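Here is a friendly walk through one structure, taken a region at a time. Keep the viewer open as you read.

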Amino acid sequence: MKKILFASSECVPFVKTGGLADVVGALPKEFNPDIWDVRVVIPDYTCIPPEYRDKFEYVTHFNMTAGPYIGEKYVGVMQYKYEGITYYFIDNLDYFECFYPYSETRRDIERFTFFDKAVLSMLPVINFKPDLIHCHDWQTGLIPVYLKNEFQANPFFWDIKTIMTIHNLKFQGVWDVKTMQGLSGLPMSLFTPDKLEFNKAGNMLKGGLVYADYITTVSKSYADEIQTPYYGEGLDGLLSARHFDMQGIVNGIDYKMYDPATDKDIYKNYSVDDFRRNKKVNKKRMQEDLGLTVDNHKYMIGLISRLTDQKGLDLINYCIEGIADENTQLVVIGTGESRYENMFRHYAWKYPDRISANICYSEPLAHKLYAAADAFLMPSRFEPCGLTQLISFRYGTVPIVRETGGLKDTVEPFNEYEHKGTGFSFANYNGDELLDTVNYSKYVFFEKKTDWNHMVERGMKQDYSWKHSKEKYEELYHYMIG
């Protein structure tokens with residue numbers, strides 16, 4: 001039996017702010033439990049819904065010191081079995097009593113430094129020795145650092161391997177060296193440019209990337225891109241140096257959760273066999289609910305996103321009136337930077353019959369939009385993997401994307417001469433190129449309906465379930481631990 005421990009700051013269904021939680025929630029369930037013992041550890045946030053938290057069982061507790069700034073702290077370990085997986089929760093009310101899993105950077109660095117050391121400290125106490133710890137994003141970056149340094153004094157830890165997965169390189173856990181050293185208790189000799197030091201500060205993710213035995217990220221193109229200065233966020237040199245120990249594995253999506261044939265949140269269920277007849281019912285009902293012009297012949301474009309710079313919203317701002325012409329409707333769901341929230345609110349006020357701005361996040365509303373829209377817009381500046389385009393395929397909604405990261409790896413551009421492709425894409429980060437691509441998609445939608453429907457069919461028939469990704473991770477785990 002091979003033992004794997006996933007360490008993360010969030011995990012579906014307990015706590016979620018983004019795609020990281022989906023990955024950590026879905027992937028462990030894919031492995032054959034006769035061969036793999038996969039467990040997960042996350043913080044015991046008080047914002048975890050009571051329907052789960054009230055069922056957590058106490059395992060043990062102990063006191064632990066990290067650095068002098070943290071001192072001696074209580075560490076509680078709770079446990080919960082859910083859908084066949086054992087989950088551990090690191091309990092400390094000073095750090096994890098919260099309405100939302102993240103706060104300001106300095107506080108988060110302290111909380112996750114404590115969490116990383118507690119994860120390793122817990123293992124001998126609960127008598128679980130993983131062959132490999134799979135660490136996710138900067139919040140778990142110090143686990144490989146502690147493991148290869150302070151914890152090497154204990155033979156229990158000698159042959160544990162680590163993988164560091166980058167879900168988004170933009171977030172790294174950076175603070176000044178004095179504070180970072182005081183919180184972690186790591187020796188100053190580790191805060192050098194070849195280890196944890198980064199632009200004269202300390203960097204948790206960099207520590208993880210230096211000390212992990214292997215690095216993965218969430219698409220092949222993103223793994224290549226982050227070795228260049230444009231996408232590398234200052235770590236391109238380190239990532240280039242480690243490129244033989246790194247690969248990109250595209251995330252999957254939960255095919256039970258996202259299935260237009262059985263989805264209870266959408267107005268009318270449909271499948272690849274009857275989408276021509278039934279998908280438009282969803283569009284009509286959504287137009288009615290959102291106060292848009294009710295007309296099946298309008299081209300409906302959806303956008304579900306965090307409203308941030310990363311998502312290419314400045315490009316949309318540049319050409320939104322060209323995108324949402326009199327034959328087109330744009331429906332937005334998301335929250336984020338106030339300038340983008342207000343931009344969409346303004347255009348929804350100006351064109352209430354064709355633009356709907358839903359400045360919120362609602363899972364049922366998102367499902368309705370996946371089913372109702374004809375196309376989905378993702379003009380991202382960078383996109384490590386992207387799940388929206390994969391969900392769009394599932395619902396027969398054609399993605400319009402910029403060729404970057406996972407978008408480039410998963411969306412094959414439409415070719416009207418060879419009758420190939422699953423979506424539309426453009427290469428340069430440029431508003432005119434975005435508008436040209438959207439206009440071309442309108443031309444195919446209105447003038448080449450048969451080609452459009454065949455493209456929808458090809459998208460719906462693809463398999464982006466977790467099965468493929470799981471096989472890649474299995475190969476990697478076997479390679480790492482034999």
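Let us begin at a pocket. Helix 1 (residues 19-26) contributes most to the lining of the second largest pocket, supplying three residues. That pocket has a volume of about 500 Å³. Its lining comprises 19 residues, and those nearest the centre are A26, K29, D254, Y255 and K256. Please bear in mind throughout that this is a predicted model.

Next, turn to an open sheet of six strands, whose order is 15-14-13-16-17-18 and whose pairing is parallel. Strand 15 (355-358) and strand 18 (424-426) are at the edges; each has a single partner strand, so one side of each lacks a neighbour in the sheet. On average, and with direction ignored, neighbouring strands here are turned by 15° against each other.

Helix 13 (residues 363-372) packs on this sheet, where it touches strand 13 (299-304), strand 14 (328-333), strand 15 and strand 16 (375-378). The direction of helix 13 makes about 145° with that of strand 13. Helix 16 (residues 431-447) also lies across several strands, namely strand 13, strand 14, strand 16, strand 17 and strand 18, and runs at about 160° to strand 18.

**Around strand 7**

How many of the six residues of strand 7 are buried? Five are, so strand 7 (residues 161-166) is largely enclosed by the rest of the structure. Strand 7 pairs in the parallel sense with strand 6 (residues 132-136) and also, again in the parallel sense, with strand 11 (residues 214-217).

| Strand pair | Bridges | Facing residues |
|---|---|---|
| Strand 6 and strand 7 | five | C135 and M164 |
| Strand 7 and strand 11 | four | I163 and Y214 |

**Helix 6 and its cover**

Helix 5 comes up again at helix 6 (residues 177-184), where it is among the elements that cover the buried residues. The others named there include helix 4 (105-126), strand 8 (174-176), strand 10 (201-203) and helix 7 (204-211). Helix 6 is mostly covered, with six of its eight residues buried. These are V177, T179, M180, G182, L183 and S184.

A66 sits in the loop between strand 3 (57-65) and strand 4 (72-82). Is A66 buried or exposed? Its relative accessibility is 13%, and because the cut-off for buried is under 20%, A66 counts as buried. A66 and G185 are 119 residues apart along the chain, yet 5.6 Å separates their C-alpha atoms.

**A buried asparagine**

Our last stop is N278, which lies in helix 10 (residues 275-290). N278 has a relative accessible area of 9% and is buried. Beyond its neighbours within four places in sequence, N278 is in contact with K268, N269 and Y270.

Definitions and conventions: Residues are numbered from 1 along each chain as its sequence is written. This is a predicted model: local features need pLDDT of at least 70, side-chain atom pairs count only at pLDDT 80 or more; totals for chains, interfaces and linings use all residues. Side-chain values use heavy atoms; hydrogens and water are left out. Two strands pair if DSSP finds at least two bridges between them. Helices (H or I, at least four residues) and strands (E, at least two) are DSSP runs, numbered from the N terminus. Axes are lines fitted to C-alpha atoms, for helices over the stretch in contact, and angles run from 0 to 180 degrees between N-to-C directions. Contact means heavy atoms within 4.5 Å. Buried means under 20% relative accessible area, exposed over 50%, partly exposed in between (1.4 Å probe, protein chains only). On a 1 Å grid over the protein atoms alone, a cavity is a set of points where a 1.4 Å probe fits but cannot get out, and a pocket is an open set with protein on both sides within 12 Å along at least five of seven lines; lining residues have an atom within 4 Å of a point. Grid points are joined across faces, edges and corners, and a volume is the space filled by probe spheres set on the points.
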